[in-house]
Amino acid sequence: MIPIIEFNHITKLFPGVNALVDVSFSVVKGEIHALVGENGAGKSTLMNILGGLYSQTTGRMKFCGKEVVINNELAAINMGIGIVYQELKLCPNLTVAENIFLGREIKEGMGKVNWKKMNVESRSAMLALNTEIAPETFVKNLSIAEQQIVEIARSITKNIKVLILDEPTSALTLKESESLFTIMKELQQKGVTIIYISHRLEEIMDLCDRVSILRDGKYQGTFVREEITLKKLVKIIAGKELIDVLGHSYRKYELNKPLLIIKNLSSPGLFKNLNFTLNKNEILGVYGVQGAGRTELLEAIFGLNNKITGYMELNGKRITNRSPSEAINNGFAMVPEDRRRVGIFPNFNIFENIIVSIGKDVSNLLGFVNNCKTLDISNKYKTELGIKMKDLFQNIQNLSGGNQQKVIISRWLATSPKIFLVDELTRGVDVGAKAEIFKILRKLRDDGLSIILVSSELTEIISESDRVLVMRNGSLVAELNGQEINKDKIIYHALCG
Amino acid sequence: MVKSFKVLIKIGNSTREIGVFAALVLLVIFFSITSPYFLKVNNLLNIIRQISLLGIISMGMTMVIVSGEIDLSVGAVYGAAAIVCGMIITNGGPIWLGIVSALLTGFFFGALNGVLSTYGRIPALIVTLGMMNIARGSVLVLSGARVISLSSRTVSAEGLDSFLFLGQGKIFQIPIISIIFILTVIIANIIYSKTLLGFRMRAVGGNKSAARAAGINQKFIKIAAFSLTGLLCAIGGILNLSSLANVQGTTGSGLELDVISAVIIGGTSLNGGEGTILGTFIGVLIMGVLKNGIILLGVSPFLQMLIIGIVIIAAVAIDMWSRSKSE
Ligand SMILES: Nc1ncnc2c1ncn2[C@@H]1O[C@H](COP(=O)(O)OP(=O)(O)OP(=O)(O)O)[C@@H](O)[C@H]1O
Ligand SMILES: [Mg+2]
């Protein structure tokens, strides 16, 4: 039990927010150490301090028994600390290999960069991570999960001692998560210490040797896995007993009122000949492994893809959504998978980020915005979803990842949609809030909303869907009802049905 | 009421303007100490007169830059509108026709900039660089590089005096063009900070893909910003014609750089998404005070350029540094 990292009385204050208060614990060499807590508990902040991105207000750190001050990211890397940040930090306009070697390019004298060698090494790094993403691919053409893997490849440098993963699985499906876990175990065998942040507590109970808990910036204790149950963990995280953590659907509706009919929808290279119906009062789960075409399907429905054939019928009338604004006018709303690229306005505060899609409803004929109305709406969602913030006028980038997600969800709920397309809705959202969000969704469903739920979290699909579609390689391979909605069936169809 | 007032303050993002305003105050203090003429009422009126046309165009430029684009053609469009107006009037057309045609010219060039850079998918830098040459070139062809001057000899239409009064007259000592400038600032501020259009300009400039996904027609927003700018260029051009009573093919060349400088000094980010009308207003004042003060000090025109260059870089540098600190 030799500690490799020791946090001693770490405190980090942001203007108006105490992100960390007197946090002390240590991470043992060679263990997989989970760090859990609600959205805004301070997990990412602590890791950012370790990674040299922030410096603590007060407190000290020891690394390998020696007192250290980590002033910048390079210092952390040189010490052997690799971080995969919660928000992906890749350059979309560069290739996979260029991203992996960014800042430590292989040179062959006279400053000439050896691209060939970098491509070869990237390829083997990718193989080591059980994927075959070509090193020449541009990052902008990768899915979130693939980008996640590139990030991991980048952080595993030769002298790595500690690998920090901040919610790496939030967009990964079961299969990809599992291969990530295999990789983590392999690294652990090689003596690498891993700090692992996740809101998927089942994973943590499977994977980790010890788990530390933060709540509101305060340290709540460290437990050996065998000492703690899932229920107890949830209780410490939330600070109270949570009933109804994993929602259960009461499928009380007859699914016989077709609302949206999709006919022969195809898009070259993405998906082909999709036919299905979405009913009124229905949560329709869509599952598939990466590359199955789930995200692409939602984007096509929402008007973000103009190269489609086939058509849609809404309430018996043929419609085309050539752009998101048309889709919104037709009553659609979509929470996108890639929060940073197509969700967040980094120049806006929370308030503006919430109201950006409801312009027409809160302004008069001349275009003057009614600020009392918009303020009421944002305050409503702030309380309903429990967004943790200083005030509504804080910049959105200063929110924790999960709270940013809640802002985006608010934006779309505020448009009062008829059809809600959600892609990784609860990405990075903590257990308590997740339960809260699904409670809201179920209530909206009962009031007549129809939802297409794309999620890589199988438990979410199983517990929330009234019906499940499974996609593989761009085709629909199964439709599951009632009793058929279970883990084995879904996985079977997703992989080989 | 109180609630919405609070929102407005926050939308105004006031911390940034305080910095720019402080710079203005410092400049004013410096020049009033070094030159006895600087604080004279006449001189101050002179400054505000000199910056009015620049200021009017800067309001449009702010919106274009906030939407994430840039417009290099403003000087040329300003000249073109003035020439169109001048030629119509000197060729016997009625004055109202001259004004309307000039406004249409400005609007046309602006809208064309917008359409080409959105639907045409050509970067605005290139479109407006081209448009700058097109506007300037067609004007030179039209006017044959002559000076077009307005006087009772060349203009037969009625109302020449009132047209000239627009650019030369004063109300309570205040030049009319400056009053028009102030009105433009007020209207621009209302559009920018109170309407959906202004809000969406900031959205589009902040994150183009997110704006599209949020249902915002970013092409429309950008075309609106460009068209508005073209219109303001035309207003500036007409007022310039009226105040000088003449115009020539080279009128307004290089103006675009002054306009962009004023906007940038005022704290608008070239990356788009951030900036305010009030900031640009102060930026325009800084440009005016600086140019005037330097002349009063008897500094050579070459040194003037050098100093203005330093101020632009310093202003942006201070802005960036203060921001990265607060993060
Ligand atoms: N740059 C910043 N400026 C101001 N406040 C910040 C900043 N970064 C984080 N915070 C605040 O610090 C608190 C802790 O945030 P942190 O990102 O560490 O949470 P987290 O535990 O990682 O949450 P999540 O599970 O949502 O990712 C939050 O209340 C957040 O709003
Ligand atoms: Mg976090």
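Which residue is the bridge partner of I262(A) in β14(A)? Point 4 has the reply, after a few notes on the ligand.

1. A word on conventions: this is a predicted model, in which local features need pLDDT of at least 70 and side-chain atom pairs count only at pLDDT 80 or more, while totals for chains, interfaces and linings use all residues. Residues are numbered from 1 along each chain as its sequence is written, chains are lettered from A and ligands numbered from 1 in the order written, and side-chain values use heavy atoms, without hydrogens and water.

2. Ligand 1 is surrounded by 21 residues (a heavy atom within 4 Å), and K43(A), S44(A), T45(A), S400(A) and G402(A) are the closest. Helix α1(A) gives the most to this shell, 3 residues (helices are DSSP runs of H or I, at least four residues; strands are runs of E, at least two).

3. For polar contacts (N or O pairs within 3.5 Å), look at K43(A), with a polar side-chain atom 2.8 Å from an oxygen atom of ligand 1. The side chain of E167(A) has an N or O atom 3.3 Å from a ligand 1 oxygen. The protein covers 94% of the 640 Å² of accessible area that ligand 1 has on its own (Shrake-Rupley, 1.4 Å probe).

4. Now the sheet: β12-β11-β14-β15 of chain A form an open, antiparallel sheet of 4 strands (pairing takes at least two DSSP bridges). Strands β11 and β14 of chain A are joined by 5 bridges, and the partner of I262(A) is M312(A).

Terms used: A polar contact is a pair of N or O atoms within 3.5 Å; within protein, one must be able to donate a hydrogen and the other to accept it, and residues adjacent in sequence count only if both atoms are side-chain atoms.
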